[in-house]
Amino acid sequence: MSEIFIRQIEYSDNDQIAKVIRKVIVDFNVPKEGSAYSDSSLQNLTKAYLADKSFYYVVIEGDTVLGGAGIAPLANYAGNVCELQKMYLLEIARGKGIGKKLINKCIHKAIEFGYNGCYLETMPNMTVAQNIYQHMGFEHIEAPMGDTCHHACSVWMFKTLK
């Protein structure tokens, strides 16, 4: 594997990151409906993350997008909480500490934006991801926060930001 970079998403990354997200969702047998697979913003994440207090990172090796993650205000929630969104890595990028670096960048950006907490949703079979989230300070919570329209995701986690 050559050198890997994490940087802000660019328009030229849109098609690749959409394919990465959809591939990982299919690989993990996540339902296409009620997950990021069917999000209308998926084909133009660059535009979606131009919104206030939103940011998306991509993981790049050469000219290839290996994954990404972003933060944005938690939809339909009154508090000052962001959501860690569209955190997906291709298999080739897993197990190398890239996910932790990506989460750290997102958390630092969330703190920079002034958020008090960070929420995420995932799937029960994504146990490795859950372990990483826990290691990064996220705790399981009993019910969803806000309304992300990702009703297929039944694991909810939260981290207080300082």
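**A walk through the chain**

Start at the N terminus and read off the elements: they run β-α-α-β-β-β-α-β-α-β-β. That comes to four helices and seven strands. Keep in mind as you look around that this is a predicted model.

Now zoom out to the overall dimensions. Taken along the principal axes, the C-alpha atoms fill a box of roughly 40 × 35 × 30 Å. The radius of gyration tells a matching story: a compact globule of 162 residues would come out near 15 Å, and the chain has 14 Å, which agrees. As for what is tucked away, buried residues make up 49% of the 162 residues. The contact pattern is worth a glance too. If you take the contacts with a separation of 6 or more, 66% of them are between residues 24 or more positions apart.

What about the outside? The chain exposes about 8300 Å², and carbon and sulfur atoms supply 51% of that area.

Is Ser54 buried or exposed? Its relative accessibility is 6%, and since anything under 20% goes down as buried, Ser54 counts as buried. Who is in contact with Ser54, once you leave aside its neighbours within four places in sequence? The list is Tyr49, Ile71, Ala72, Pro73 and Phe113.

Tyr49 from that list leads us on to the aromatic rings. A search of the whole structure finds four aromatic pairs. One of them joins Tyr49 and Tyr56, with ring centres 5.0 Å apart and planes at 45°. Why is this pair called tilted? Stacked needs planes under 30 degrees apart and edge-to-face needs over 60, so at 45° the Tyr49 and Tyr56 pair is tilted. Both partners, Tyr49 and Tyr56, are buried.

Phe55 and Tyr57 form another aromatic pair, also tilted, at 4.7 Å centre to centre with 55° between the planes. Both of these residues are out of the way as well: Phe55 is buried, with a relative accessible area of 13%, and Tyr57, at 9% relative accessibility, counts as buried.

Note on methods:
Residues numbered from 1 in each chain as written. Predicted model: local features only at pLDDT ≥ 70, side-chain atom pairs only at ≥ 80, totals over all residues. Heavy atoms only, no water. Buried < 20%, exposed > 50% of the residue type's maximum accessible area, 1.4 Å probe, protein only. Contact = heavy atoms within 4.5 Å. Helix = DSSP H or I, 4+ residues; strand = E, 2+ residues; numbered from the N terminus. Rg over C-alpha atoms; globule rule 2.2 N^0.38 Å. Areas by Shrake-Rupley, 256 points an atom, 1.4 Å probe, with all protein chains shown as cover. Phe/Tyr/Trp six-rings, centres within 6.5 Å; stacked < 30°, edge-to-face > 60°.
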